[in-house]
Each structure stands twice: as structure tokens, then as C-alpha cells.
Amino acid sequence: MQYSAIDEAFRTGESKQIVYSVNIGDNEHWLITNFSWLLDENGNVFAVLGIARDITRRKKMEEQMFHTEKLASVGTLAAGVAHEINNPLAIILGFTDLTLEKVQKDSEIYETLKTIEKHGTNAKRVVENLLSFTRLSEEKIEDVDINLNINSVLDVTKNTFSLNRVSVSRELSDNLPFIKGSAGELQQVFFNIISNAMSVMKGGGILTVRTRTVDHGQKVETRISDTGCGIKKEHRTKIFDPLFTTKKVGEGTGLGLFVSYGIISKYGGRITFETKTPDESKEHGTTFIITLPAVKRQ
Ligand SMILES: Nc1ncnc2c1ncn2[C@@H]1O[C@H](COP(=O)(O)OP(=O)(O)OP(=O)(O)O)[C@@H](O)[C@H]1O
Ligand SMILES: [Mg+2]
């Protein structure tokens, strides 16, 4: 692309601006380059001058903003639909329960009703997750110690790690400031991200959890990294979308990251990720980065 822009500047004698990405080492950089022509004493173009600026940060911020706006509108729509489904679903489940009480446990109809109940309850879970995206929090908002909550999620998931030969490395910073939020919801976020990491390290790997302060102590950053297969390029703009999943039917609902995004945004934070597939780097894997505003310890 750069060469054709140079050619064109030579041919037409007009300046040109192009935006393109290049890989420097393992990282993708976005550049904006202005090509303008230089004239010799006879007025002919004898050279093209290109000045490139690295706009990777700006590009990332634009992408993030686009994403936030898209999620806000999709999220509201999804929550609206979920709300409509919630009531009829409650009626279906209610009548199923009532009928279950009236039929013999060993009858065929009992089994059928149990199947309806099971799938109805699954649907209810999906609806509740969707609703939680826009619902005003009924959770208690308090000063939350991130390290404490990470440790409790890691303790619960410990067995699954050792079963899958995944080792856990905790690099939790001492004297971390608190953040404002609900401990339950933050645990849900950590749990969702850690479960995703687990599912891409079935044959073994390393889960690294790091916490530290950034922005001169104004923010608390949590990084959760896995050594899994990374996220494919074509999926990277979709992973926070509601119901986006690459898992088999029954294995994932595609709501984990969507809900996590809603929770972190609600508390004034940001959730982003860095990822490399085995094609892109020998050190493949994904890191989710959560930053939340710090509150001073009393
Ligand atoms: N650590 C990761 N490594 C690779 N891909 C990931 C990772 N985390 C998320 N993904 C991708 O993002 C998709 C969406 O994740 P999300 O947690 O929202 O839904 P899910 O895990 O598929 O289902 P569930 O609702 O059960 O969480 C996943 O299906 C997967 O393709
Ligand atoms: Mg998930």
C-alpha cells in the first residue's frame, strides 16, 4: 500500500495520506503517513517525502469507544428482550412446578415435565444474566479488596486447575488500594475470566494473576493471563457481544464477558485484552486487563 501511494504521489504530483498497520516484533502498530512531493529546479517531482506518525494509541481508543457504544445499545436491546421473556418464562416454570406436584413420580409425564423444568431453568439463567447488564445494582456497594476476592475465586477453582495440570502464579501487590464496587459482582467477573482461561488450557498451562496500582496510584489494575490458543483475529471485536460463543451448544452461553463488561463499566472501570494466537507468537495466550478507580485506604 505504501508503494502504490508513493507511485501515485510521483505520477499525480499530489500529496497523499494513508493509514495502515505494520507488525514490529510481536506487536501491531498503526501508522498514518503523509506523502508529499519535492520538486527540483525545473519543477519536476524528484522525490516523495513520507512522514509517518504512530497512532496505535488513538486507534485503540477509537476502537474501545466504538465498542462501548455498540455494547450499550446492544445491551439495552438484549435486556429489553430478556425482560419481555422473563414473565412468560416465570409462568411456564410456575405451572410446570404446580403440575409436577400433581403427577406420580414414576410416570412418563413426570419425566417430560422435569425436562421442561430443566430447560426452562437454563433459559431463566440466560435471561437473568442479560438483565443484569442494565439493571441498577441491588448489590451492596462497598470498599473492595481486589486481592482478597481474587484469592477466594482461585481457592474455589483450585481443584479444576490441578485436574487440568494448570499451575497458578499469583503476583498480588501488597498494600493495594481498595476499589468501589460489589464484592459479589467482582468475584463473578474474575470467575468468568478465569473459567474462560481454564477452558483454553485443558491440556495444561499457566494461569498468571497480577495486581498493581497504575496511573500514580489512582487505579488498580488486574491482569489475568493464560497460555492458551489466543483469540482468533476475526473474533476479537465480538467477544464482549451478548451470546457470542465459540463453544459447543450446552458448553457456553456467550454471556460471561458481556456480563463482566457491564459490571466493570458500572464501577467506572475498563476491561480490555491482549492476545496472540500460535500463528502470531511462540508465547501465545490471552491477558484480560481490568482497571478500576482506586479509593484511599482509611
Ligand atoms: N482466555 C480466552 N482465550 C481464548 N478465547 C477466549 C478467552 N476468553 C474468551 N474467549 C472467547 O470469547 C468467547 C466469549 O466468551 P464468554 O465468556 O463471553 O462466553 P463463553 O465462555 O463462550 O460462554 P459462558 O457464557 O459460559 O461464559 C468464547 O467463546 C471464546 O471464543
Ligand atoms: Mg465464559
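Domain bounds here come from an automatic or database domain assignment. Colour domain 1 (2-54), domain 2 (60-134) and domain 3 (142-295) separately. Taken over C-alpha atoms, the centres of domain 1 and domain 2 are 54 Å apart.

This is a predicted model, in which local features need pLDDT of at least 70 and side-chain atom pairs count only at pLDDT 80 or more, while totals for chains, interfaces and linings use all residues. Residues are numbered from 1 along each chain as its sequence is written.

Find F35, which stands opposite G50 in β3. In the turn of this hairpin, G43 has a positive phi of about 85°.

Now move to helix α4, which has 18 residues. Where does α4 bend? The bend is at T157, by about 55°, as the angle between axes fitted to the seven residues ending there and the seven starting there. Just after α4, R165 takes a positive phi of about 55°.

Finally, select I193. Leaving aside neighbours within four places in sequence, I193 is in contact with I224, S260 and F288; contact means that C-beta atoms, placed from the backbone, lie within 7 Å.

Technical notes: Chains lettered and ligands numbered in written order. Contact = placed C-beta atoms within 7 Å. Pairing = 2+ DSSP bridges. Helix = DSSP H or I, 4+ residues; strand = E, 2+ residues; numbered from the N terminus. Expected span 1.5 Å × (residues − 1).
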